[in-house]
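The sequence and structure come first.

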Amino acid sequence: MVFQQFTLFPWLTVLENVLFGLRSRGDEQAGAQERARELLALVSLQDYEDHYPSELSGGMQQRVAIARALAPQPELLLMDEPFGALDFMTRRRMQQHLSELWRRVGFTVVFVTHDLEEALIMADRIIVLEPNPGRVKCIKEVPFDHPRNAEIRAQADFGRALQELETLIGIEAEVA
């Protein structure tokens, strides 16, 4: 699972943070280190394995958290607003980075977000929840092919899909 707030151990290096789960389950040392280094290369942090979290930007810390979550080779990755604490540009880069990882590694992601544009960029399927107690209101298929990039936001179809989501969650009613 990858959380909204960075959940790295500040006293461990980047490599040690990625190794944490592998060591906890008893993976042999050499294989675990090789796996951790492969994942750091996958998230473009191979040159930072000896750094501590406090020496990294927010986006870099989140990439370490993603590498740590991918280390045990999960079939399902849960992400609870993982980019919510990031600035605009880092958030956009992380969306593209995660999309690329997903295409290369092929895991299933359950991605929680309140950002409707992010949902349309990242998801194949969007589950809209009703408030209190959070029942499923509807499930919408995203009509755009992968890979998706920033230019998709300028397309009329994207604007219509965004407006449909806004209507589903009642944004117009709240604004009025």
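The model is predicted, so local features need pLDDT of at least 70 and side-chain atom pairs count only at pLDDT 80 or more, while totals for chains, interfaces and linings use all residues. Residues are numbered from 1 along each chain as its sequence is written, and side-chain values use heavy atoms, with hydrogens and water left out.

**Helix α6**

Helices (H or I, at least four residues) and strands (E, at least two) are DSSP runs, numbered from the N terminus. Helix α6 covers residues 156–169, 14 residues in total. From first C-alpha to last it reaches 20 Å, close to the 20 Å expected at 1.5 Å a residue; the expected span is 1.5 Å times one less than the number of residues.

Phe-158, Ala-161, Leu-162 and Leu-165 are the buried residues of α6. Seen down the axis of α6, these buried residues fall within an arc of 100°, so they line one face of the helix. The arc is that of the directions from the helix axis to the C-beta atoms. Buried means under 20% relative accessible area, exposed over 50%, and partly exposed in between (1.4 Å probe, protein chains only). The cover over the buried residues of α6 includes α5 (116–122), β3 (125–129) and β4 (136–141), where contact means heavy atoms within 4.5 Å.

**Salt bridges**

A salt bridge is a side-chain nitrogen of Lys or Arg within 4 Å of a carboxyl oxygen of Asp or Glu. The whole structure holds ten salt bridges, among them the pairs below.

| Pair | N to O distance |
|---|---|
| Arg-92 and Glu-117 | 3.8 Å |
| Glu-141 and Arg-125 | 3.0 Å |
| Glu-164 and Lys-140 | 2.4 Å |

Glu-164 belongs to helix α6 and Lys-140 to strand β4, 24 residues apart. Glu-164 is partly exposed at 37% relative accessible area, and Lys-140 is partly exposed at 27%. Salt bridges that share partners also join Arg-91, Asp-115 and Glu-118 into one network.

Arg-92 is partly exposed at 24% relative accessibility, as is Glu-117 at 28%. Glu-141 and Arg-125 are both exposed.

**Loop residue Asp-47**

Asp-47 sits in the loop between α2 (29–42) and α3 (58–70). Asp-47 is exposed, with a relative accessible area of 62%. Its C-alpha atom is separated by 9.9 Å from that of Arg-37, ten residues away along the chain.
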